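Please look at the sequence and the model before reading on.

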Amino acid sequence: MKEGSKKFVFLRDLTKGQKTAVIILSTLMLILSIGLPLFVNRSSIERIRLSRSYRVGELSDETIISPVDFSYVDTDETENLRNEAKKSVLPQFAFEVSNSLLMRSRSDDLIEIMDIEDDQERENSLSNYFSLYGIDDNSGAFNSLSSLDPTERRVMSRLIGEAVNNAISQGIMGIDDLALLSQNGWSSIELESLNPSDMTMKTEKMDVIGLLSTVNIPSYAVRWIEKIYPDFPLDYLDMTTLILQGLLISNISYDQFQTEKLMEEKANEVEPVHISVKKGDLLLERD
């Protein structure tokens, strides 16, 4: 007789009813061996009962001691850490290529017009220029530039072109985005731009206080001219500033989608805060 058959030879001597009873008893023992630990643990946790519901800050009528070891996620602390992680992300800004090209076109066309020798032809071209780009010369600064002698006119127009190119590469922020930074208490931004050396995108951190904006173009003009041309005629400073105000527009803008995407990614790096409770720990103390 095989060894495996010997283990069950006693079943041959049992009646049909006894065999059925043995099978039922074995099944029950198997179920209890699997489910009893879970049942006991659950019933132990369910014993953590309060006599009534409590509001935050309300005095307790009872003392509760933990009957088991358990842990839970502190959702409030986890959310606080997620919010702190989001705050660590700087607002994302990007260059607007279309506005940059528009400013470059305005500058280049102005230089061409100032190179025209014939006064009437230059005047007509300047009038068409205002219509094309929607520029109002209420201050008369553009016409003042046009009325300079040929040499000064060419020099001044090219100097203005250099200032425009410098402002384009530096980035000009609009008044609405400035208000957004102030509203959120952001003191720095991250500006994404094209690296011309290898044609890849780069991100640079910039302090808000040093940003060029449509609001501070006059002070930019003074600083830039004093730095590049220390001997610049002061008589032409106001004219140059007014022309730059007419040529320059914002060419960097807030990228809300990218900012929120990075914030969410940063928040998702936060691990849930787990609180462990040991059997016998005080859960609630009567006041």
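Y129 and Y133 both belong to helix α5, 4 residues apart, which is about one turn of the helix. Helices (H or I, at least four residues) and strands (E, at least two) are DSSP runs, numbered from the N terminus. The model is a predicted one, in which local features need pLDDT of at least 70 and side-chain atom pairs count only at pLDDT 80 or more, while totals for chains, interfaces and linings use all residues. Numbering starts from 1 along each chain as its sequence is written, and side-chain values use heavy atoms, with hydrogens and water left out.

Y129 is buried, at a relative accessible area of 3%. Y133 also counts as buried, at 13% relative accessibility. Here buried means under 20% relative accessible area, exposed means over 50%, and partly exposed is in between (1.4 Å probe, protein chains only).

Rings of Phe, Tyr and Trp (its six-membered ring) pair if their centres lie within 6.5 Å; planes under 30 degrees apart count as stacked, over 60 as edge-to-face and the rest as tilted. By this rule there are 7 aromatic pairs. One of them joins Y129 and Y133, which are edge-to-face at 5.1 Å centre to centre, with 65° between the planes. Y129, F130, Y133 and F142 make up one aromatic cluster.

How are the rings of W224 and Y229 arranged? Their centres are 6.4 Å apart and their planes lie at 65°, so this pair is edge-to-face. W224 counts as buried at 9% relative accessibility, whereas Y229 counts as partly exposed at 31%.

## Two single residues

N124 also has its place in helix α5, which spans residues 119-133. N124 is partly exposed, with a relative accessible area of 40%. Between N124 and I113 there are 11 residues in sequence and 9.6 Å in space, C-alpha to C-alpha.

S213 sits in strand β7, residues 212-213. Is S213 buried or exposed? S213 is buried, with a relative accessible area of 3%. Leaving aside residues up to four places away in sequence, S213 touches I172, M173 and L178. Contact means heavy atoms within 4.5 Å.

## Helix packing

Two packed helices are described by the angle between their axes and the distance between the axes. Axes are lines fitted to C-alpha atoms, for helices over the stretch in contact, and angles run from 0 to 180 degrees between N-to-C directions.

| Helix pair | Angle between axes | Distance between axes |
|---|---|---|
| α3 (residues 75-87) and α11 (residues 256-268) | about 140° | 8 Å |
| α7 (residues 150-170) and α10 (residues 237-247) | about 50° | 11 Å |
| α4 (residues 97-114) and α7 | roughly 175° | within 9 Å |

Angles under 35 degrees count as roughly parallel, over 145 as roughly antiparallel, 65 to 115 as roughly perpendicular and the rest as oblique. α3 and α11 are therefore oblique to each other. The crossing of these two helices, α3 and α11, is right-handed. A crossing is left-handed if the near helix is turned anticlockwise from the far one by less than a right angle, and right-handed if clockwise. In the contact, R82, A85 and K86 of α3 meet M263, E264, K266, A267 and N268 of α11. These residues divide into 3 nonpolar, 1 polar and 4 charged. In this grouping Ala, Val, Leu, Ile, Met, Phe, Trp, Tyr, Cys and Pro count as nonpolar, Asp, Glu, Lys and Arg as charged, and the others, Gly among them, as polar.

α7 and α10 are likewise oblique to each other, and α7 passes α10 in a right-handed crossing. On the α7 side the contact is made by M156, L159, I160, A163 and V164, and on the α10 side by M239, T240, I243, L244 and L247. The contact of α7 with α10 holds 9 nonpolar residues, 1 polar and no charged.

α4 and α7 are roughly antiparallel to each other. S100, M103, R104, S107, I111 and M114 in α4 meet R153, R154, S157, R158, G161, V164, N165 and I168 in α7. The contact of α4 with α7 divides into 5 nonpolar, 5 polar and 4 charged residues.

## The chain as a whole

The secondary structure comes to 11 helices and 10 strands. Of the 287 residues in the chain, 30% are buried. Among contacts between residues at least 6 apart in sequence, 73% join residues at least 24 apart.
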